[in-house]
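Thanks for coming. I have one structure to go through this morning, so please look at the screen.

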Amino acid sequence: MILISNFLIPKGYRGLTLFPFIVLRSKDLKSNTFLINHEKIHLRQQLELLVLPFYIFYGIEFLYRWALYKNWHMAYINISFEREAYTHENDLDYLKHRQNWDFLEYLRRHDF
């Protein structure tokens with residue numbers, strides 16, 4: 001389900017996923033198929049990690065990368081979950097062939 005809420009979305013971001021919802025900054029973003037696909041990838045990641053562990057893992061990885069890069073944006077785009085979602089957001093069939101735990105591959109690869 002897609003919700004529209006400007007105040008839930010941090011400045012500089014267009015959307016976020018809070019299982020089972022995709023929250024977008026504005027109504028016009030509902031037609032952005034690549035953004036929606038990106039967020040659907042996060043829904044799948046959250047589901048396979050049983051939701052709460054996803055947020056814990058995401059937070060820990062973000063803090064690690066923030067300490068590593070000393071830059072908020074670099075830390076964010078190098079989180080394994082984000083790397084998988086950004087890499088495949090343009091592939092609208094990705095979720096049809098995605099294997100469980102595919103985000104782990106992005107922990108092993110070099111950073112963006």
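This is a predicted model: local features need pLDDT of at least 70, side-chain atom pairs count only at pLDDT 80 or more; totals for chains, interfaces and linings use all residues.

Start with the largest pocket, which holds about 530 Å³ of space. Its lining comes to 23 residues, and those nearest the centre are Tyr-13, Leu-16, Tyr-58, Tyr-76 and Glu-82. Two or more lining residues come from each of strand S2 (15-18), helix H1 (33-48), helix H2 (52-69), helix H3 (72-77) and helix H4 (80-88). By type, the lining divides into twelve nonpolar, seven polar and four charged residues.

Now H2. Which residues of H2 are buried? They are Phe-54, Tyr-58, Glu-61, Phe-62 and Arg-65. Looking down the axis of H2, these buried residues fall within an arc of 110 degrees, and therefore they line one face of the helix. They pack against H1, H3, H4 and helix H6 (105-108). Leu-52, Ile-60, Leu-63 and Tyr-64 are exposed on the other side of H2. Tyr-58, then, is buried in H2 and is also among the residues nearest the centre of the largest pocket.

Next, Leu-24, in strand S3 (residues 21-24). Its relative accessible area is 0%, so Leu-24 is buried. Beyond its neighbours within four places in sequence, Leu-24 is in contact with a list of residues including Ile-2, Leu-3, Ile-4, Arg-14, Leu-29, Leu-35 and Ile-36. Tyr-13, from the pocket lining, is eleven residues from Leu-24 in sequence, with a C-alpha to C-alpha distance of 9.0 Å.

Last, the backbone. Most residues other than glycine have a negative phi, and most peptide bonds are trans. Where does this model depart from that? The peptide bond from Phe-19 to Pro-20 is cis, omega being near 5 degrees, and Pro-20 sits in the loop between S2 and S3. Val-51 has a positive phi, near 65 degrees, and is in the loop between H1 and H2. After H2 comes Lys-70, with a positive phi near 55 degrees. Trp-101, also not a glycine, has a positive phi of about 70 degrees; its place is the loop between helix H5 (94-97) and H6. Trp-101 has 40% relative accessibility, so it counts as partly exposed.

That is where I will stop.

How values were computed: Residues are numbered from 1 along each chain as its sequence is written. Side-chain values use heavy atoms; hydrogens and water are left out. On a 1 Å grid over the protein atoms alone, a cavity is a set of points where a 1.4 Å probe fits but cannot get out, and a pocket is an open set with protein on both sides within 12 Å along at least five of seven lines; lining residues have an atom within 4 Å of a point. Grid points are joined across faces, edges and corners, and a volume is the space filled by probe spheres set on the points. Helices (H or I, at least four residues) and strands (E, at least two) are DSSP runs, numbered from the N terminus. Ala, Val, Leu, Ile, Met, Phe, Trp, Tyr, Cys and Pro count as nonpolar, Asp, Glu, Lys and Arg as charged, and the others, Gly among them, as polar. Buried means under 20% relative accessible area, exposed over 50%, partly exposed in between (1.4 Å probe, protein chains only). The arc is that of the directions from the helix axis to the C-beta atoms. Contact means heavy atoms within 4.5 Å.
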